[in-house]
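Please read them beside the model.

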Amino acid sequence: MICFAGLVLNLIGSSIADHFNLSIYLDTSGTIFIAALGGYVPGITIGFFTNLIKALFESSEMYYCSVSIMIAIFTTFFARKGFFDSFGKVLLLIPFLTFATGTFDLLIEKFLNATSVLQSLNQFQISYKENFLNEFLDKSFSMILSFVLLKLTPPKIKRAFRLAGQRQAPLSDEMKHVIDQQNYLSSSLRTKSLLILLLSSFLVSFSIALISYLLFKNAVIDDRIKTVDGIVTIIISEINPNRVDEYINLGRNAEGYRAIEEKFYSIKNSNTNIKYIYVYKIMEDGCHVVFDLDTGTFDGDAHGEIVPFEESAYPYKDDFIAGRPIPPIISNDEYGHLLTLYKPLYDINGKCQCYAAVDYSMEILPEYTKNFTIKLMILFLGCFVFISAVGLMFVKNNIVVPVNTLAYYARNISYDNKPSRERYIEQMRGLKIKTNDEIENLYSAWLRMTENLLKYLEHLQRAKAKVADMQIKIFEIDEIAHKDSLTGIRNKVAYDEASARLNKKILKGEAKFCIVMVDVNFLKKINDTYGHEHGNIYLINACKLICSVFGVEHVYRIGGDEFVVILEDEKISLCKYFIEQFKSEMDRKNSNLLLEPWEKVSAAVGVAFYEPDRDKDCEDVFERADALMYENKLSMKAARTD
């Protein structure tokens, strides 16, 4: 409705100016107002349709639509720079707009009316001074009125105009910035669409202009041919075919010859475009002159003279001799740019007695076509800009922005946590892309796919959490299954797995290890004397000593008072040192009189090294270590007995 009001404002202003015969136009206020309010396309549309409607009453108005479009582009550019925010800036724009429109207006007017470019420029210099004041008053009124209307326009309507044509919800400033950067890439969709649109518009405009030019040129030529044909028909009607030979022989002495000649001169003088009128009897030896009128430049040939064929007519010599009709001939030679029409005169027996011919000037044709071409270019310039602007807005709002928006969301999708995913889906739904075509289908499919994907991810994360929880529980169970409940070190189950691993190495020939068997002494005595609680403390103290010397990662408790140490690879060389250190630490504790019996440690130790030629599996090594431990235990008891 606001755009329609702008169009009406232009037409009312123009009607007032015409009614009161004002020297100003008053037909651009609506264009400036709408362009400042809504941007390029609304402004260009109002300017274009203003001139289109005015052209219904005055056809030349359509040629000035380019000026209205230029005003819309000028206004939109400076409105987006903030020039319509203050009255002072608006006043500053008036001289520039006056200069631009005044120059463009007069150039169009002079090119439409002048016969040459030089004449147009000379007249332009004179007319511009006379027209500047009128243009200044007109544009001042239009700019000030538009500024007032903008200030009176509610913010809601201004916002609606900013969103006009958009097929989706408004974008944030960040997204606009990103999408604008994408739009101007050398291979962006907007660039390709712009090139295709401009190329298509140009080709269509050029094709229509070329066809219009050819049709116009042919129409002008056909009009000339009809005119000349009528003239030649009149000339033919004045000649008696039975007296042609008499006219050739006697000329002005023949009865009625002078009267016919005077009529021919009368016909020639009635139309300045008639250059030559002549009548020939054409025979094998050439063209025998019957009538040939004098011109201001050339004297006509005398009756009876034989003149050669004109170069332009020579291709039709056989037709002339046979007396057949000759098509119109257009030539451009020393006699000028001419249309020549020959018409045969037949006697009562159907024999051709002579040809009457008229040379009609075609010098005006290039000027006609030039003026027509200029008008056509001016007209199509406005149409081209209008079509391009509307097409670009359509491509931007229906294709480029929706596609780039979807691409932006695809690159910035958030999987981090549930609130982020929910916020992302809400933003996607908030786009509300409504193009009613494949883009909208793509948006709907993308939204459904994203929702399903994020739901799947949510289920997957819950499943992962469950799996992780189960893994923790399995690990805990495994820890319990492999850990000794009293000492916290690995138990018999863990030792069996370690043995199985060593057996695999034995099969591959890669085994290198030793087993240390440690059996704690006097556990039963501690339990019987001090109770099982102190017996447990005694075992824990023994375990701590073993682990501190051999390393907790190598120690296993396989029975009530039995511990096994497995040393592999480079640790084997330290085995004897570890055993000596262990025995030394036991002696130190046992000699400490301040310690309670359960705080001391006594254990028998036996060690066996894997020997490939002797041991077939880990059990053989274990048994040898156990046997050596037992021997050590007996010796320790013997020492105690002593």
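1. C287 is buried, at 3% relative accessible area (buried is under 20%, exposed over 50%, partly exposed in between; 1.4 Å probe, protein chains only). Its sulfur lies 12 Å from the closest cysteine sulfur, that of C352, which is too far for a bond. C575 is in no disulfide either; the sulfur of C514, the nearest, is 3.8 Å away. C575 is buried, with 0% relative accessible area. The count of disulfides is zero (a pair of cysteine sulfur atoms within 2.5 Å).

2. A word on the source. This is a predicted model: local features need pLDDT of at least 70, side-chain atom pairs count only at pLDDT 80 or more, and totals for chains, interfaces and linings use all residues. Residues are numbered from 1 along each chain as its sequence is written, and side-chain values use heavy atoms, without hydrogens and water.

3. T373 sits in helix α13, residues 364–411 (helices are DSSP runs of H or I, at least four residues, numbered from the N terminus). T373 is partly exposed, at 27% relative accessibility.

4. Which residues lie nearest the centre of the second largest pocket? They are S14, Y25, D27, K54 and E61, out of 30 lining residues (a pocket is an open set of points on a 1 Å grid over the protein atoms alone, where a 1.4 Å probe fits, with protein on both sides within 12 Å along at least five of seven lines; lining residues have an atom within 4 Å of a point). Helix α1 gives the largest share of this lining, five residues.

Key
Helix = DSSP H or I, 4+ residues; strand = E, 2+ residues; numbered from the N terminus.
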